[in-house]
Amino acid sequence: MTFSHDLKIAPSILAADFADFGREIEAVEAQGADWIHVDVMDGHFVPNLTFGPPLVKAIRKHIKTVMDVHLMIAPVDPYIDAFADAGADVLTAHLEAGPHTHRTLQAIRGAGCKAGLALNPGTPVEAVKPLLDLTDLICIMTVNPGFGGQKFIHSQVEQVRTLRALIGDRPIHIEIDGGVDPTTAPLVRAAGADVLVAGSAVFKGGSAAEPAAYGDNIRAIRAATGDL
Ligand code: DX5
Ligand code: ZN
């Protein structure tokens, strides 16, 4: 993974067919996905449950790009090795998931993954300041985590702008997660984001058997940001 600020679209498989992840991933990559975003939820940190390390390991072999694993779980530390072993390229933990985020980020890098740090909409972005040099990606949530298909929280755009300034010239990705579509993508791209997670806006209207809509949807987001 070489660092760049080029736009990357990361479809979230939360909006794919759960009975057919392998073919869904292959279809969306063939249609132009840059990364694959994998949402892990524990029914405790967030009010929803998805899947754990064995499923993540099973889908790894279908991913040719970057496996971007978003942990919405607490605690995080006992599971880092399992997700690293499952093949996560980026492993993202929430700042709100525990009292020892500094240790968590060190452990993620120690396990051989890029370290991601996610912030809920209620968390002031300035909180990342002491952690910047331990972080490869910062994910600004533009919905409250737990579910796909929610409405974009516009007040987060200002937080993205603040984060961009805090990061300076450090090689840290800014990722946006939640409610990204052709109307909201340009706002966060202009504010400094380079990785846009999109679930419903990418997977709507298509299927693994009929994937052309995935490509149209990805291109629509890119066209809206001016990054075609
Ligand atoms: C929300 C997840 C997101 C979600 C985004 O908790 O972290 O990745 O899948 O879905 P959309 O793009 O539909 O808002
Ligand atoms: Zn996510």
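Helices and strands here are DSSP runs, numbered from the N terminus; a strand has at least two residues. The model is predicted.

**Ligand 1 and its shell**

Ligand 1 is surrounded by 20 residues. Among the closest are Asp 39, Asp 177 and Ser 200. Three strands each supply at least two residues of this shell: β2 (36-41), β3 (67-72) and β8 (195-198). The largest share comes from β2, with 3 residues. By class, the shell holds 8 nonpolar, 10 polar and 2 charged residues.

| Residue | Part of the residue | Distance from an oxygen atom of ligand 1 |
|---|---|---|
| Asp 39 | N or O atom in the side chain | 2.7 Å |
| Gly 149 | polar backbone atom | 2.8 Å |
| Gly 199 | polar backbone atom | 2.7 Å |

How much of ligand 1 does the protein cover? On its own, ligand 1 has 380 Å² of accessible area, and the protein covers 99% of that.

**The pockets**

Ligand 1 takes up the space of the largest pocket. This pocket holds about 330 Å³ of space. Its lining has 28 residues, and those nearest the centre are Gly 148, Gly 149, Gly 178, Gly 179 and Gly 199. Two or more lining residues come from each of β2, β3, β8 and α7 (200-203). The lining divides into 13 nonpolar, 11 polar and 4 charged residues.

The second largest pocket has about 230 Å³ of space. It is lined by 14 residues; Thr 2, Phe 3, Ser 4, Trp 35 and His 173 are closest to its centre. Here the classes are 6 nonpolar, 3 polar and 5 charged.

Definitions and conventions
Residues numbered from 1 in each chain as written. Chains lettered and ligands numbered in written order. Predicted model: local features only at pLDDT ≥ 70, side-chain atom pairs only at ≥ 80, totals over all residues. Heavy atoms only, no water. Near = heavy atom within 4 Å. Polar contact = N/O pair within 3.5 Å; in protein donor to acceptor, adjacent residues only side chain to side chain. Areas by Shrake-Rupley, 256 points an atom, 1.4 Å probe, with all protein chains shown as cover. 1 Å grid on protein atoms, 1.4 Å probe; cavity = no way out; pocket = protein on both sides within 12 Å on 5 of 7 lines; lining within 4 Å. Sits in = over half its atoms within 2 Å of the grid points. Helix = DSSP H or I, 4+ residues; strand = E, 2+ residues; numbered from the N terminus. Nonpolar A, V, L, I, M, F, W, Y, C, P; charged D, E, K, R; others polar. Points joined across faces, edges and corners; volume = space filled by probe spheres on them.
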